[in-house]
Amino acid sequence: KQNLSEVNAGLLEGDNSQLVGANMQKLLRELARQTGINPTSMDPPETETTRTNQWMLVSQKMQFETDSKALMAFLKALDNAPKKLIITMIDVRSNRERLSGTIQVTGFSRFTENNPQ
C-alpha cells in the first residue's frame with residue numbers, strides 16, 4: 001500500500017489529456033521560474049494512453065536560455081519535483097556565458113473508471 005501511495009502521489013493530475021498536459025506545462029514553468037531558467041517556447045504536450053485508457057504518458061518539450069548554475073538548479077528541481085518527472089532528452093548549446101537548448105520531460109497520469117480520458 002505504501003508503494004502504491006508513493007506512485008499515486010507522483011502522478012500528474014487531470015481528468016483528461018488536455019488538463020494533464022496543462023498541469024505538466026504549469027509545473028515546468030513554475031520550476032523554471034524558481035530556478036532562473038528562461039523558457040523561450042514550449043511545444044504542445046504529447047500524450048499517449050494505454051489501450052485500456054487507464055494510464056497516460058505525457059511528454060513536454062521546452063526550449064530555454066540560461067546559465068550553467070540555473071540549469072543545474074533546474075535539473076535538481078526536476079529530480080525533486082512533487083510529481084515524478086523523467087528527463088527523456090536534453091540538448092544544450094553554449095554561447096560564451098549563456099546556454100540555450102531543448103529539454104523533453106515525461107510524466108505520467110492515471111485515470112479512474114469515473115474519469116476516462
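Here is a walk through this structure, from the overall fold to the core, the hairpin and the charged pairs.

A word on the ground rules: this is a predicted model, where local features need pLDDT of at least 70, side-chain atom pairs count only at pLDDT 80 or more, and totals for chains, interfaces and linings use all residues. Residues are numbered from 1 along each chain as its sequence is written, and side-chain values use heavy atoms, with hydrogens and water left out.

Let's start with the big picture. The chain has 3 helices and 5 strands, and from the N terminus on they run α-α-β-β-β-α-β-β. Helices here (H or I, at least four residues) and strands (E, at least two) are DSSP runs, numbered from the N terminus. Along the principal axes, the C-alpha atoms fill a box of roughly 50 × 30 × 20 Å. Of the 117 residues, 36% count as buried; buried means under 20% relative accessible area, exposed over 50%, and partly exposed in between, with a 1.4 Å probe and protein chains only. As for contacts (heavy atoms within 4.5 Å), among those between residues at least 6 apart in sequence, 63% join residues at least 24 apart.

Now step inside. In soluble globular proteins, nonpolar side chains tend to be buried together. The largest nonpolar core in this model has 24 residues, and those with the most contacts inside it are Leu31, Ile37, Phe74, Leu78 and Leu85. Such a core is a set of buried Ala, Val, Leu, Ile, Met, Phe, Trp, Tyr and Cys residues joined through side-chain atoms within 4.5 Å. Helix 2 (17–35), strand 3 (55–66), helix 3 (68–79) and strand 5 (98–110) each supply at least two residues of this core, and helix 2 gives the most, with 6. Pick out Ile37 and look around: leaving aside residues up to four places away in sequence, Ile37 touches Ala32, Met62, Phe64, Glu65, Thr66, Ala70, Leu71 and Phe74.

Next, the hairpin. Strand 4 and strand 5 pair in the antiparallel sense over 9 bridges, where pairing takes at least two bridges found by DSSP. Asn95 has Arg98 in strand 5 as its bridge partner. There are 2 residues between the strands of this hairpin, and Arg96 takes a positive phi near 60 degrees.

Strand 4 (residues 86–95) also holds Ile87, which counts as partly exposed because its relative accessibility is 36%. Ile87, Ile90 and Val92 form a nonpolar patch on the surface, with about 210 Å² of accessible area together. Patches like this one are made of residues with over 30% relative accessible area and no salt bridge, with nonpolar side chains (Val, Leu, Ile, Met, Phe, Trp, Tyr) joined within 5 Å and like charges within 9 Å.

That leaves the salt bridges, each a side-chain nitrogen of Lys or Arg within 4 Å of a carboxyl oxygen of Asp or Glu. The count comes to 3. In one of them, the side chains of Lys83 and Glu13 meet at 3.5 Å, N to O. This pair links distant parts of the chain, 70 residues apart: Lys83 sits in the loop between helix 3 and strand 4, Glu13 in the loop between helix 1 (2–9) and helix 2. Lys83 counts as buried at 19% relative accessibility, whereas Glu13 is exposed at 53%.

Arg33 and Glu30 form a salt bridge too, with their closest N and O atoms 2.5 Å apart. They are 3 residues apart in helix 2, so about one helical turn separates them. Arg93 and Asp91 also meet in a salt bridge, at 2.7 Å, N to O. Arg93 is partly exposed at 41% relative accessibility, and Asp91 is partly exposed at 36%.

Technical notes
Accessible areas come from the Shrake-Rupley method with a 1.4 Å probe; for residues, only the protein chains shown count as cover.
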